[in-house]
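Let's take a walk through this structure together, one piece at a time.

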Amino acid sequence: MKSGTKYFLGSNTNEGFYSLFDELYDPEDNWKVYVIKGGPGCGKSTLMGKVAGEIEGRGFDVERVMCASDPKSHDAIICRERKIAMVDGTAPHIIEPQYYGAVEEIVNMGEALDTKVLRAAAGDIRSLCTANSQCYKKAANYMKAAASLMRNSKRLQDEYIDYEKLYNYVIRFAKKNLSGGEGDGRVAYRFLTAVTNEGEVTFADGFASDYDRIISIDDPIGSVSGQLLDCLLSVAIDCGMNAVAGVSPYDTEELLQLFFPDKKVGIVRGTSFPATSTIHASRFIVGDGLKAHKNRITFNKRAASELIAAAVASLTDAKAIHDEIESIYASAIDYDAVNSKADAILDKILANI
């Protein structure tokens with residue numbers, strides 16, 4: 001992936017916060033991973049952004065893993081060419097070393113905190129953290145209810161799918177686009193789309209620039225695209241083709257996107273990515289029986305949209321509460337100590353570049 005590519009490894013979903021952080025690096029390989037610990041506002045994201053810029057300045061590509069609770073903030077950065085990663089190891093994506101010192105190293109930004117100040121504010125911190133947690137629980141419940149409505153519409157669409165025609169399309173696509181695979185059928189799972197306090201966010205432009213062709217599936221309901229992407233991924237793995245699979249934040253059992261880096265081709269549901277061509281889901285629907293369910297499908301879509309909007313509102317509330325928590329921690333931070341720690345870690349990382 002090109003430098004500056006952004007995506008998520010965690011998202012707010014119908015199952016609550018869903019983590020893909022085991023995709024960050026391979027602990028059995030020769031990686032060097034810096035796991036940052038510390039309270040809110042300790043400079044974790046700022047440090048990662050600074051390190052990313054310095055690595056890019058030396059001519060290496062850096063992937064930026066962004067935070068679904070605040071898409072402007074870093075959760076991790078990855079330089080695959082040098083097998084270096086830096087990650088926020090605090091909740092909800094707690095990262096603990098598997099091979100301490102040999103692979104992972106803890107960076108404790110909390111050493112710059114005055115705990116006396118924090119203990120004095122303990123009551124406020126606890127109440128704010130509880131309120132923050134409740135906001136995320138509400139968001140998850142709204143997402144779960146929305147997923148249930150979406151699944152109901154998909155079940156209705158399922159009854160009218162011409163599966164033979166769909167599978168034949170997948171085979172033709174694979175023969176045309178995935179032949180001669182030289183990979184090992186490895187799949188990298190990502191959230192290329194996440195539900196955030198800013199609504200649905202897809203970092204399409206930077207990611208899509210790696211691909212010559214992107215095919216969009218026009219499928220407002222989602223069952224056709226779900227079946228097609230699942231089937232295509234299975235065929236790709238059998239062909240030894242490596243893939244990047246975008247998990248749906250609305251239903252973590254489904255995919256929204258599927259990319260094949262070696263062939264520079266991708267296939268996605270919807271219009272978030274710049275498409276070079278479009279597949280219409282209607283071509284795989286038999287007859288017009290689905291029209292009898294139009295009112296139900298319309299209701300499900302409208303209600304699900306309202307529930308997702310309510311989830312986003314809850315995430316917005318959570319972000320506001322988090323900002324209050326950060327302001328308390330900011331009053332307890334020795335910023336000179338933070339900057340000194342950041343400079344020392346940066347020097348250590350750059351020594352390996």
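Before we start, here's a word we'll need: a residue is buried if its relative accessible area is under 20%, exposed if over 50%, and partly exposed in between (1.4 Å probe, protein chains only). Helices (H or I, at least four residues) and strands (E, at least two) are DSSP runs, numbered from the N terminus. What you're looking at is a predicted model, where local features need pLDDT of at least 70 and side-chain atom pairs count only at pLDDT 80 or more, while totals for chains, interfaces and linings use all residues. Residues are numbered from 1 along each chain as its sequence is written, and side-chain values use heavy atoms, leaving out hydrogens and water.

Now find helix 8. Its buried residues are Val338, Ala342, Ile345, Leu346, Ile349 and Leu350. Look down the axis of helix 8 and these buried residues fall within an arc of 130° (taken from the directions from the helix axis to the C-beta atoms), so they line one face of the helix. What does the buried face pack against? The buried residues of helix 8 are in contact (heavy atoms within 4.5 Å) with strand 4 (32-37), helix 1 (44-57), strand 7 (84-88) and strand 8 (104-108).

Next, hop over to Lys50, which sits in helix 1. With 39% relative accessibility, Lys50 counts as partly exposed. Lys50 and Ala342 are 292 residues apart along the chain, yet their C-alpha atoms are separated by 9.0 Å. Leaving aside residues up to four places away in sequence, Lys50 touches Asp343 and Leu346. The side chains of Lys50 and Asp343 are also joined by a polar contact of 3.2 Å. That term means a pair of N or O atoms within 3.5 Å; within protein, one must be able to donate a hydrogen and the other to accept it, and residues adjacent in sequence count only if both atoms are side-chain atoms.

Our last stop is Gln157, which is found in helix 3. Is Gln157 buried or exposed? At 3% relative accessibility, Gln157 counts as buried. Its side chain makes a polar contact of 3.3 Å with the side chain of Asp219. A polar atom of the Gln157 side chain also lies 3.2 Å from the backbone nitrogen of Val224. Gln157 has a part in a meeting of helices too: Lys154, Gln157 and Asp158 in helix 3 meet Ser223, Val224 and Gln227 in helix 6.
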